[in-house]
Amino acid sequence: MSGSSALYDIPGPKALARHRLYAWITTAVLAALVGLIVWKLVDTGQFAAVKWRPFEYEGIQRLLLRGLGNTLKAFGWAAALSLVFGAVFAAGRLSDHRVVRWFSTLVVEFFRAMPLLVMIFFIFIALKLEPMTALVIGLTLYNGSVLAEVFRSGVNAVPRGQGEAAFALGMRKTQVMAQVLVPQAARAMLPAIVSQLVVALKDTSLGYLITYEEFLYAGKLIATNLDYDLPFIPVVMVIAPIYIGMCMLLSWFANWLAGRERRSPKVKDTPVTVDTPQEI
Amino acid sequence: MNVLSDNFSLFAKGLWGTVQLTLLAGALSLVVGVIIAGFRVSPVKALRAFGTAWVTVLRNTPLTLLFFAVLLGLPRFGVVLPFRVFAVLALGAYTSAFICEAVRAGINTVPLGQGEAARSLGMTFTQTLSLVVLPQAARSVISPIGSTLIALAKNSAIAGSFSVTELLGTYKPLNELGYSIVWTFVWIAVGYLIVTLTISAVFNLLERKLGVAR
């Protein structure tokens, strides 16, 4: 990064001194901000023993762990089902039959355009399903549709010659897909798939809004308890690092996969670059 | 079927709430996102580290958790603002991380020669970035920013569950009045489609007028 950036010269002694000054100012401002926050925390009594006592109780710990388990359960189901959904509808969008193609396009585009929360609320309130089912179906429809697009663009990104050569050898379309195009596309798509799973993991927290007993909901149960003097901030301080940590771990895995893919000698001659926009 | 005609003002209020949230949070996220992108390419290491931390943390935070922390946590902290302002802050901060990444990717598409030429004219980092590189980067980030803002409009639905007036929240009073819940949701869906399709149309227009293929 430094030295190779086209945006600024390699700093000389004067510039270095100036940069050091900026760095000190930044650090000072950030430190002041952190100090202010800590002071505010102490001032409003967030570190009072009564607010942290609940975390010592075994029942509360079990409640939190059960919430975390429910979050992971919803994520596991949603991830597995949306991979299947994505594969089916990507195949549909790549089909030779016009009707199948149109239908798949319609489904994928519709579920991508709808806010996920609207779908979840619709399934939960209008269809009156269990919170967990509603959450998993909603996540599957949305993430599955995005994954279908990822799969489709991945297959389309394989150099044309590969498919043409396979057809010239007399392979049928299914064979071309399964034995030539998909294996090559899968390598390139893997980082994008994992990134989308991060989105699915983050979105399991929407279950909180339909009273699914997941991690955030367990936190809310503790936070709204008057006996512990409404420990909202302590709950956030306990829950946020775990949530963010899980998502970071998965994001880091996606980055690692992408890096490995770039360095791999296997793809040097026919690089397959998937260009899908990052969904939120 | 007459859910819409009977309760037009309620729907209109909800739609206006969604539009307001999207516009305000969108403006906030654009400003913050561009500034953080500037930090991330700056020569000062402390600023780069801050930018990286900001993006990494916010991109990996579930938006519902952020809403929970900001809307329910901050008031306990002595910070009392209207929920609508909190919602704009949470949505804006969250989206700014994605805007920042889009802008940074855009900066990388500007040919190296542009920055080098600007430097050889004696321009400082700030001048190079704001006068030469960012205007050219802007042309290539129109469509990613458009899709980020569409995602923002869709994410604003979460605010409704934290008692901010917006479109999804209108289902509640209508449900209590005994209207057909399916039709209510159909019209809510139509409302969201109006917002997202408008954003997408505006950005397609911008792309046609300003965009360049690199």
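Biologist: How are residues and chains named here, and which parts of the predicted model count?

Modeller: Residues are numbered from 1 along each chain as its sequence is written, while chains are lettered from A and ligands numbered from 1 in the order in which they are written. Because the model is predicted, local features need pLDDT of at least 70 and side-chain atom pairs count only at pLDDT 80 or more, whereas totals for chains, interfaces and linings use all residues.

Biologist: What makes up the secondary structure of chain B?

Modeller: Chain B has eleven helices and zero strands. Helices (H or I, at least four residues) and strands (E, at least two) are DSSP runs, numbered from the N terminus. In sequence order the pattern is α-α-α-α-α-α-α-α-α-α-α. The C-alpha trace of chain B spans about 70 × 45 × 20 Å along its principal axes.

Biologist: Where does UniProt place the feature "transmembrane region" in chain B?

Modeller: The unreviewed UniProt entry places it at residues 21-41, 53-74, 86-107 and 181-206 of chain B. UniProt positions are given in the numbering used here, feature names are shortened, and annotations may be inferred rather than shown by experiment. In the model, residues 21-41 of chain B are 95% helix and 0% strand, with end C-alpha atoms 30 Å apart. Residues 86-107 of chain B are 100% helix and 0% strand, and their end C-alpha atoms lie 31 Å apart.

Biologist: Why is helix 3 of chain B called oblique to helix 5 of chain B?

Modeller: Helix 3 (residues 45-59) and helix 5 (residues 83-109) of chain B pack at an angle of about 120 degrees, with their axes 9 Å apart. That angle makes helix 3 of chain B oblique to helix 5 of chain B, because angles under 35 degrees count as roughly parallel, over 145 as roughly antiparallel, 65 to 115 as roughly perpendicular and the rest as oblique. Axes are lines fitted to C-alpha atoms, for helices over the stretch in contact, and angles run from 0 to 180 degrees between N-to-C directions.

Biologist: Which residues make that contact in helix 3 and helix 5 of chain B?

Modeller: Helix 3 of chain B supplies W54(B), V55(B), L58(B) and R59(B), and helix 5 of chain B supplies A93(B), Y94(B), A97(B), F98(B), C100(B) and E101(B). Two residues are in contact if their C-beta atoms, placed from the backbone, lie within 7 Å. By class, the contact of helix 3 with helix 5 of chain B has eight nonpolar, no polar and two charged residues. Here Ala, Val, Leu, Ile, Met, Phe, Trp, Tyr, Cys and Pro count as nonpolar, Asp, Glu, Lys and Arg as charged, and the others, Gly among them, as polar.

Biologist: What makes helix 6 of chain B roughly antiparallel to helix 7 of chain B?

Modeller: The axes of helix 6 and helix 7 of chain B cross at roughly 160 degrees and come within 10 Å. The crossing angle therefore makes helix 6 of chain B roughly antiparallel to helix 7 of chain B. Their contact joins Q114(B), G115(B), A118(B) and R119(B) of helix 6 of chain B to T128(B), V132(B), V133(B) and Q136(B) of helix 7 of chain B. Its residues divide into three nonpolar, four polar and one charged.

Biologist: Why are helix 8 and helix 10 of chain A described in relation to each other as they are?

Modeller: The axes of helix 8 of chain A and helix 10 (residues 232-263) of chain A cross at roughly 170 degrees and come within 8 Å. The two helices are therefore roughly antiparallel to each other. The residues of their contact comprise 14 nonpolar, two polar and three charged.

Biologist: How do you know that helix 5 of chain A is mostly covered?

Modeller: In helix 5 (residues 116-126) of chain A, nine of the eleven residues are buried, including L116(A), F121(A) and F124(A). A residue is buried if 20 or more other C-beta atoms lie within 10 Å of its own, exposed if 12 or fewer, and partly exposed in between; C-beta atoms are placed from the backbone. The buried residues of helix 5 of chain A pack against helix 6 (131-157) and helix 8 (173-203) of chain A, together with helix 9, helix 10 (171-176) and helix 11 of chain B.

Biologist: Why does A126(A) count as partly exposed?

Modeller: A126(A) is found in helix 5 of chain A. Because it has 17 C-beta neighbours inside 10 Å, A126(A) counts as partly exposed. Leaving aside neighbours within four places in sequence, A126(A) is in contact with I181(B), V182(B) and F185(B).

Biologist: How many residues does each chain give to the contact between chain A and chain B?

Modeller: Chain B gives 49 residues and chain A gives 42 residues. On the side of chain B that touches chain A, helix 11 of chain B provides the largest share, eight residues. That side divides into 31 nonpolar, 13 polar and five charged residues.
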